[in-house]
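Me: I would like to learn how to read the features of a model. Please take me through one, step by step.

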Amino acid sequence: MPVPTDDLFDRYVTPGDYDIVPFSWLGTSFPVSPLRSVFARPREDGIQQNYSRTGTAAIDAAMDRAITEVDPARARQLVNEADRLIWQLATVLPLYQRPQLVAARSTLANFGACGFLEPSYQDIGFASG
């Protein structure tokens, strides 16, 4: 049943009064840490962003390990481990990737929206921070 957009989260999603609902989370420069609240078990003080109200201690622990890892290669490995646990529950179904828009001068080559790829800026001629 369609509902008014202004009521979607306050009256339906946050209280859990829905069967299925399409919406999108926006990405950040830190792709792992914001997702913890999407997949973490609900706590007594709230559900965070886990609108499906599911989760496991194993997922929480795997996300915590991935978030605190500073080595990029090891962090990716830990994120993949968490991802495997998350997909066992399959409560969030990513249907599409939101578009990325990047503005650049016409004289700038090899720069633009990267989709799921996070480029190695050293490989394209930029020094790291």
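Me: In what order do the elements of the chain run from the N terminus on?

Reply: This is a predicted model. Its elements run α-α-α-α. The chain has four helices and zero strands.

Me: What share of the 129 residues is buried?

Reply: Buried residues make up 16% of the chain. The accessible surface comes to about 10100 Å². Carbon and sulfur atoms hold 55% of that surface.

Me: And among contacts between residues at least 6 apart in sequence, what share joins residues at least 24 apart?

Reply: That share is 40%.

Me: Now a single helix. How do I read α4?

Reply: Start with its span. Helix α4 covers residues 72-89, 18 residues in total. From first C-alpha to last it reaches 26 Å, close to the 26 Å expected at 1.5 Å a residue.

Me: Which residues of α4 are buried?

Reply: First the general idea. An α-helix has 3.6 residues a turn, so residues three or four places apart point the same way. Now the case here. The buried residues of α4 are Ala 75, Leu 78, Ala 82 and Ile 86. They cover an arc of only 85° around the axis, which puts them on the same side of α4.

Me: What do the buried residues of α4 pack against?

Reply: Their partners are α2 (33-39) and α3 (57-68).

Me: Which exposed residues sit on the face of α4 turned away from its buried side?

Reply: That face carries Arg 76, Arg 84 and Gln 88.

Me: What backbone feature comes just after α4?

Reply: Ala 90 takes a positive phi there, of about 50°.

Me: How accessible are Gln 48 and Arg 53?

Reply: Gln 48 counts as partly exposed, at 28% relative accessibility. Arg 53 is at 32% and counts as partly exposed.

Me: Is Asn 50 buried or exposed?

Reply: Asn 50 is buried, because its relative accessible area is 1% and the cut-off for buried is under 20%. Its place is in the loop between α2 and α3.

Me: Which residues is Asn 50 in contact with, leaving aside neighbours within four places in sequence?

Reply: Asn 50 touches Ser 37, Val 38, Phe 39, Ala 40, Arg 41 and Pro 42.

Me: Next, aromatic rings. How many aromatic pairs does a search of the whole structure find?

Reply: A pair of aromatic rings is described by the distance of the centres and the angle of the planes. The search finds one pair here. The rings belong to Phe 9 and Tyr 51, with centres 5.6 Å apart and planes at 65°, so the pair is edge-to-face. Phe 9 lies in helix α1 (residues 8-13) and Tyr 51 in the loop between α2 and α3, so the pair ties together parts that are 42 residues apart in sequence.

Me: How accessible are Phe 9 and Tyr 51?

Reply: Phe 9 is partly exposed at 29% relative accessibility. Tyr 51 is buried at 16%.

Me: Last, charges. How many salt bridges are counted?

Reply: Side chains of opposite charge can pair when their charged atoms come close. The count here is four. One of them joins Arg 11 and Asp 7 at 3.3 Å, N to O. Asp 7 is partly exposed, with a relative accessible area of 22%.

Me: Which parts of the chain does the pair of Asp 64 and Arg 36 link?

Reply: These side chains form a salt bridge at 2.5 Å, N to O. The pair links distant parts of the chain: Asp 64 is in helix α3 and Arg 36 in helix α2, 28 residues apart. Asp 64 is partly exposed at 34% relative accessible area. Arg 36 is partly exposed at 21%.

Me: Which residue meets Arg 41 in a salt bridge?

Reply: Asp 60 does, at 2.8 Å, N to O. Arg 41 lies in the loop between α2 and α3 and Asp 60 in helix α3, so the pair ties together parts that are 19 residues apart in sequence. Arg 41 is partly exposed, with a relative accessible area of 37%. Asp 60 counts as buried, at 8% relative accessibility.

Key:
Residues numbered from 1 in each chain as written. Predicted model: local features only at pLDDT ≥ 70, side-chain atom pairs only at ≥ 80, totals over all residues. Heavy atoms only, no water. Helix = DSSP H or I, 4+ residues; strand = E, 2+ residues; numbered from the N terminus. Expected span 1.5 Å × (residues − 1). Buried < 20%, exposed > 50% of the residue type's maximum accessible area, 1.4 Å probe, protein only. Arc of directions from axis to C-beta. Contact = heavy atoms within 4.5 Å. Phe/Tyr/Trp six-rings, centres within 6.5 Å; stacked < 30°, edge-to-face > 60°. Areas by Shrake-Rupley, 256 points an atom, 1.4 Å probe, with all protein chains shown as cover.
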